[in-house]
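Q: Please take a close look at one part of this model. Keep the answer connected, and give each cut-off as it comes up.

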Amino acid sequence: MDDNTLVDSSFSATIHAPVEEIDIPAWCFSLAEAEYQACSPAHCSAGVTTTADGRRMSINVEVLGGSPMVQHYVEEVSQRDHLRLVSKSDVFTPTGRIQVGVIWDLSVKKIDDQSCEFTNTVHSTSTPELTEFLAKQGIPWEVFRAARKPISEAHNKQETPLFAKSIERHALNNRNSAGVA
């Protein structure tokens, strides 16, 4: 297998708030569980912790294609307009637990003075554990990848506009609490 990419999915949505008021890391690392759950029926739980070396980590639990996933997203790039999180995510299948690599990349770009474009990119990759798991099950890599792609893309397409609305609310609430008109 030359390319270990499982799925590379990217969708965008408009945020009706100035790009200067967006702070994606602040949103992500203060996201209430109920707000996370409201962004997709697949979202079960969310929380925040830190790694042993002090980096922030978002822990997300969701069910995709019938398989529960626990994602341990560690902050890799953290700027107000760009957050990249990297996870070795646990996937629980009927025949055992496996791990996949996931990069969750969120960014915004200015459209005009009152709006910006939010892009939600999810890139998942095979791990040695997944490769071994598939071999034991007799499942060809291409078959597994082809089955996973529409599930992951549908999920990302669904959650992207809802994440955009959540980030928008976060930005506007911060503006209002700061007394900005």
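A: Strands β3 (residues 56–64) and β4 (residues 67–79) run antiparallel, joined by 8 bridges. Strands are DSSP E runs of at least two residues, helices H or I runs of at least four, numbered from the N terminus; two strands pair if DSSP finds at least two bridges between them. The model is predicted: local features need pLDDT of at least 70 and side-chain atom pairs 80 or more, while totals for chains, interfaces and linings use all residues. Residues are numbered from 1 along each chain as its sequence is written, and side-chain values use heavy atoms, without hydrogens or water.

Glu62 stands opposite Met69 in β4. β3 and β4 form a hairpin with 2 residues between them. Gly65, in that turn, has a positive phi of about 60 degrees.

β4 also pairs with β5, antiparallel, over 7 bridges. Here Gln79 has His82 in β5 as its bridge partner. This hairpin, too, has 2 residues between its strands.

β5 spans residues 82–93 and holds Lys88. Lys88 is partly exposed at 43% relative accessible area (buried is under 20%, exposed over 50%, partly exposed in between; 1.4 Å probe, protein chains only). The C-alpha atoms of Lys88 and Tyr73 are 7.8 Å apart, with 15 residues separating them along the chain. Beyond four places in sequence, Lys88 touches His72, Gln99, Val100, Thr127 and Glu129 (heavy atoms within 4.5 Å). The side chains of Lys88 and Glu129 also make a polar contact of 3.5 Å (N or O atoms within 3.5 Å, one able to donate a hydrogen, the other to accept it; residues adjacent in sequence count only if both atoms are side-chain atoms).
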